[in-house]
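Let's take a friendly walk through a protein model. Please have the sequence and the 3D view open as you read.

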Amino acid sequence: MDLRKGGITLGELARDPRARALVNREFPGILNHPLAGMFLGLTLNQAVAKFGGRVPRQTVQRLLKELEEL
């Protein structure tokens with residue numbers, strides 16, 4: 001999947017069933033959370049910068065690699 005150097009939005013990822021499955025595997029239910037609409041407009045780079053400190057770096061790197069391989 002072309003992540004456009006981190007410029008792809010979380011909303012775009014959420015619309016792709018394969019990407020959605022990977023995100024749900026790492027963060028169960030996050031895309032269905034009532035407040036999800038608040039962050040779906042963020043780019044991948046923005047989301048990593050904003051929330052990356054709350055998630056182990058290995059998890060973020062693994063997820064990014066798997067998304068790129070789609």
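## The overall picture

Keep in mind as you look around that this is a predicted model. The protein has four helices and zero strands. If you read along the sequence, the pattern is α-α-α-α.

How does the radius of gyration compare with that of a compact globule? For 70 residues, such a globule would have a radius of gyration near 11 Å, and the protein has 11 Å, so the two agree. Taken along the principal axes, the box filled by the C-alpha atoms is roughly 30 × 25 × 20 Å. Of the 70 residues, 37% count as buried.

Among contacts with a separation of 6 or more, 64% come from residues 24 or more positions apart.

## Two helices side by side

Now find helix α2, residues 17-26, and helix α4, residues 57-69. These two pack at an angle of about 165°, and their axes are 10 Å apart. Angles over 145 degrees count as roughly antiparallel, and α2 and α4 are therefore roughly antiparallel to each other. Their crossing is right-handed.

Which residues meet where α2 and α4 come together? From α2 there are Ala19, Leu22, Val23, Arg25 and Glu26, and from α4 there are Thr59, Arg62, Leu63, Glu66 and Leu67. Sorted by class, this contact has five nonpolar, one polar and four charged residues.

Is Thr59 buried or exposed? Its relative accessible area is 14%, and under 20% means buried, so Thr59 is buried. Not counting residues up to four places away in sequence, Thr59 touches Glu26 and Phe27.

Arg4 is not a glycine, yet it has a positive phi of about 50°. With 40% relative accessibility, Arg4 counts as partly exposed.

Lys5 also sits in the segment before α1. Its phi is positive too, at about 55°, although Lys5 is not a glycine. Is Lys5 buried or exposed? Lys5 has a relative accessible area of 83%, so it is exposed.

Gly7 is in the segment before α1 as well. Its relative accessible area is 31%, which makes Gly7 partly exposed. Which residues does Gly7 contact, leaving aside its neighbours within four places in sequence? They are Thr43 and Asn45. Between Gly7 and Gly52 there are 45 residues of separation along the chain, and their C-alpha atoms are separated by 16 Å.

## Residues in the loops

Asp16 belongs to the loop between α1 and α2. With a relative accessible area of 15%, Asp16 is buried. How far from Arg54 is Asp16, C-alpha to C-alpha? The C-alpha atoms are separated by 24 Å, with the two residues 38 apart along the chain.

The loop between α2 and α3, where α3 covers residues 44-51, holds Ala36. Ala36 is buried, since its relative accessible area is 3%. Setting aside neighbours within four places in sequence, Ala36 is in contact with Ile30 and Leu31. Val60 is 24 residues from Ala36 in sequence, and the C-alpha atoms of this pair are 18 Å apart in space.

Gly37 is also placed in the loop between α2 and α3. Gly37 has 63% relative accessibility and so counts as exposed, whereas Ala36 is buried. Gly37 and Leu10 are 27 residues apart along the chain, and their C-alpha atoms are separated by 9.8 Å.

## Looking back

Start with the four helices, then pick out α2 and α4, which pack at an angle of about 165°.

Notes:
Residues numbered from 1 in each chain as written. Predicted model: local features only at pLDDT ≥ 70, side-chain atom pairs only at ≥ 80, totals over all residues. Heavy atoms only, no water. Axes fitted to C-alpha atoms, helices over the stretch in contact; angles between N-to-C directions. Parallel < 35°, antiparallel > 145°, perpendicular 65-115°, else oblique. Left-handed = near helix turned anticlockwise from the far one by under 90°. Contact = heavy atoms within 4.5 Å. Nonpolar A, V, L, I, M, F, W, Y, C, P; charged D, E, K, R; others polar. Rg over C-alpha atoms; globule rule 2.2 N^0.38 Å. Buried < 20%, exposed > 50% of the residue type's maximum accessible area, 1.4 Å probe, protein only.
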